[in-house]
Amino acid sequence: MPKVFAHLFKEKIFNTQLIMFNKNSKQLFLLITCSIFLFLQNAAQSFNVRVDNISKEDKNFFPADNPLIQYTGRIDFGNTELPKMWAPGVYITVQFKGTAITAVINDQELWGKNHNYLEIVVDGEAKRIQTKSKTNYITVSGLTDTFHYFTICKNTESNIGYIEFAGVYCDYLVKPQPKPKRKIEFIGNSITCGTGSDKSEIDCGKGVWHDQHNAYMAYGPVTARILNAQWHLSAVSGIGLMHSCCNMNIIMPPVFDKIDMRGDSVQWNFKKYQPDVVTVCLGQNDGIQDSVVFCNANIDFVKQLRGHYPKAKIVLLTSPMADEKLKAVLKNQITAVVHFFNKQKDKKVSKYFFSRSFTSGCDYHPDLNEHQLIAAELTAYLKKLMRW
């Protein structure tokens, strides 16, 4: 048996009252009931999961191009029998009947050694696992003999390499429920990817860089699940609006139209996903830039988004990692950009400033608990903005 990551997240719901303040410090006691997802470590696992590198299945095989399989995210369907996924947060869902299911996942094994982390979710309960080899047979067992929802979500980002989905073995598939009508896109950097957030199995400074990635429990997907919405994460660690960190040779605007953003490859068709609302969380890697230059770059990017999404609401966010100095600069710059578009009669561009910095994860990123807090704030804002 391979090592399975110990934590089991059970999504529970509780009500949180959020008190918000306006910029003039007048209290706007806005009491918002917000469903947020609590994840609890639980030793009593309701299903088992294992990862094998050879097939042990004698059940029916349903290939990746089966119409009963749902896909969400930027996915390369150049080969419909082996769709390819780079982005964090991309997810695949099926509904099946039986006591077990096996998914066949190929890993690129980028650089000959990288193995992606995945979130395996059965009926709302999730476990985080890692691929072991080029071809992986991921088996969930120990279920009651009834209908179940099964989701695989890519926890690691494009810089760790792609995965291919070949299909599933199970008794039989049934037609799943329609996807949620609401659609959100979260644009950002490592924060949006969920980098450095999950210390439950391997602590900061140990293992390799991507051992703490968890896109499924990052603020974007958590927010989307609370609001009963589909999600796309258009995010790359280290990326900026006009300056990226870590000697990266890309910035967000030129690669935004790609499926593999980090590799700046495979054209994306924006007609496949028209979000109702887009959030933009960039600026941490840019740092403090000349305000005129940065505002112009931001304006150009929002115009680019508006070209792709003529009906969407666009929300510019401060960085949840920003220190007080950077946060003050970002607030001024974002305010100016929003004012520009509102003056141009585009009232669908708005802003939200996070209440504080969230830096308890690895390399000063938000940890899983803080992603819940970020999601709670953003959920309250989007709920009001979208009247959801």
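Me: Phe-186 and Tyr-219, then: buried or exposed?
Reply: Both Phe-186 and Tyr-219 are buried, where buried means under 20% relative accessible area, exposed means over 50% and partly exposed is anything in between, with a 1.4 Å probe and protein chains only. Please keep in mind that this is a predicted model, in which local features need pLDDT of at least 70 and side-chain atom pairs count only at pLDDT 80 or more, while totals for chains, interfaces and linings use all residues. Residues are numbered from 1 along each chain as its sequence is written, and side-chain values use heavy atoms, with hydrogens and water left out.

Me: How many aromatic pairs are there, and by what rule?
Reply: The count comes to 13 aromatic pairs, taking rings of Phe, Tyr and Trp (its six-membered ring) whose centres lie within 6.5 Å, with planes under 30 degrees apart called stacked, over 60 edge-to-face and the rest tilted.

Me: What about Tyr-216 and Trp-231?
Reply: Their ring centres lie 6.2 Å apart with the planes at 65°, so Tyr-216 and Trp-231 are also an edge-to-face pair. This pair links distant parts of the chain, since Tyr-216 is in the loop between helix H1 (190–193) and H2 and Trp-231 is in strand E19, 15 residues apart. Tyr-216 counts as buried at 5% relative accessibility, and Trp-231 is buried too, with a relative accessible area of 4%.

Me: Back to H2, how many of its residues are buried?
Reply: Eight of the eight residues of H2 are buried, so the helix is largely enclosed by the rest of the structure. Among the buried residues of H2 are Gly-220, Pro-221 and Arg-225. H2 is followed by Asn-228, which has a positive phi, near 55°.

Me: Changing topic, which residues have the most contacts inside the largest nonpolar core?
Reply: Those are Ile-187, Met-252, Phe-256, Val-280, Phe-301 and Leu-305, in a core of 38 residues. A nonpolar core is a set of buried Ala, Val, Leu, Ile, Met, Phe, Trp, Tyr and Cys residues joined through side-chain atoms within 4.5 Å. The elements giving two or more residues to this core are H3, strand E22 (277–281), helix H4 (291–308), strand E23 (313–317) and helix H5 (324–343), and H4 gives the most, with seven residues. There is also a second, separate core of 34 residues, which includes Ile-191, Ile-226, Ala-375 and Met-386.

Me: Where does Ser-244 lie?
Reply: Ser-244 is in the loop between strand E19 (229–235) and helix H3 (252–255), and at 7% relative accessibility it counts as buried. Its side chain reaches the backbone nitrogen of Gly-240 at 3.0 Å and the backbone oxygen of Ile-250 at 2.6 Å.

Me: And Gln-333, which residues does it touch?
Reply: Not counting residues up to four places away in sequence, Gln-333 touches Gln-289, Asp-290, Ser-291, Phe-294 and Cys-295, contact meaning heavy atoms within 4.5 Å. Gln-333 lies in helix H5 and counts as buried at 3% relative accessibility. Its side chain makes a polar contact with the side chain of Ser-291 (3.4 Å); a polar contact is a pair of N or O atoms within 3.5 Å where, within protein, one must be able to donate a hydrogen and the other to accept it, and residues adjacent in sequence count only if both atoms are side-chain atoms.

Me: Last one, how many helices and strands does the chain have?
Reply: The secondary structure comes to six helices and 24 strands, and of the 388 residues of the chain, 57% count as buried.

Key: Helix = DSSP H or I, 4+ residues; strand = E, 2+ residues; numbered from the N terminus.
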